[in-house]
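Let's look at how two protein chains meet. Here is the structure to keep beside you as you read.

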2 protein chains.
Amino acid sequence: MNRFATTPKPPYYAVIFSSQRNEPDQGYSDMADRMMALASQQAGYLGAESTRDAAGFGITVSYWASEEAIAQWKAHMDHQAAQSMGKSTWYSHYELRVAKVERAYSMV
Amino acid sequence: MNRFATTPKPPYYAVIFSSQRNEPDQGYSDMADRMMALASQQAGYLGAESTRDAAGFGITVSYWASEEAIAQWKAHMDHQAAQSMGKSTWYSHYELRVAKVERAYSMV
């Protein structure tokens, strides 16, 4: 499995989402998988990279063609339901940052 | 331990570094700790968030006040040595993206 996003030449946008999970799972894994699959179907989605350690600290970076694409994904009804569950149940804390990618390099 | 970076109001810069580690460790953990400590002493450093899962896939996002601060950290001699070891030994692949953070939100 290639876990790296294959993104176009900059500029494009990144949503950097860092989060601390609560235990136990309470449906988190299924919803997270569903949200990643759903995000990948949205207009303007360019890819995502995601990881979480055994202590429950995770970072997901999703890449988007435009601010408008990010706004539409944020407002998606199923995603809104997941966001509510995130705040009420799954996360003890999160930080979300929206950034414009200006330069990118790969290990060659 | 608070693993979230406490960053100022945007705009500021993010360096998004995603990497796949090779096994075995070969001095990686010590160097990674040293680099995080050294980065935190650099001018313009604002914080960092980092995580890696059991499969060796990691994301580190460091935050910086300016492009100039990023360039100086990239050119730091000890960091250059670590970058060489990263390419030759520690990573099977990485992607590095430099982005300008425009908006930020915390879970409240």
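Below is a quick tour of the contact between the two chains.

This is a predicted model, where local features need pLDDT of at least 70, side-chain atom pairs count only at pLDDT 80 or more, and totals for chains, interfaces and linings use all residues. Residues are numbered from 1 along each chain as its sequence is written, chains are lettered from A and ligands numbered from 1 in the order in which they are written, and side-chain values use heavy atoms, with hydrogens and water left out.

**The contact**
- Chain A puts 43 residues into the contact and chain B puts in 43 residues (contact means heavy atoms within 4.5 Å).
- Together they bury about 3,800 Å², with 56% of it on carbon and sulfur atoms (buried area is the accessible area, 1.4 Å probe, that two parts lose on being put together, summed over both).
- On the chain A side, Phe4(A), Arg97(A) and Met107(A) lose the most area to chain B, together 22% of what that side buries.

**Salt bridges**
- You'll find 6 salt bridges between chain A and chain B (a side-chain nitrogen of Lys or Arg within 4 Å of a carboxyl oxygen of Asp or Glu).
- One of them links Arg103(A) to Glu67(B), with the closest N and O atoms 2.7 Å apart.

**Strand to strand**
- E4(A) and strand E4 (residues 91–106) of chain B pair in the antiparallel sense over 11 bridges (strands are DSSP runs of at least two residues, numbered from the N terminus, and two of them pair if DSSP finds at least two bridges between them).
- Val101(A) has Ala99(B), in E4(B), as its bridge partner.

Methods. Helices (H or I, at least four residues) and strands (E, at least two) are DSSP runs, numbered from the N terminus.
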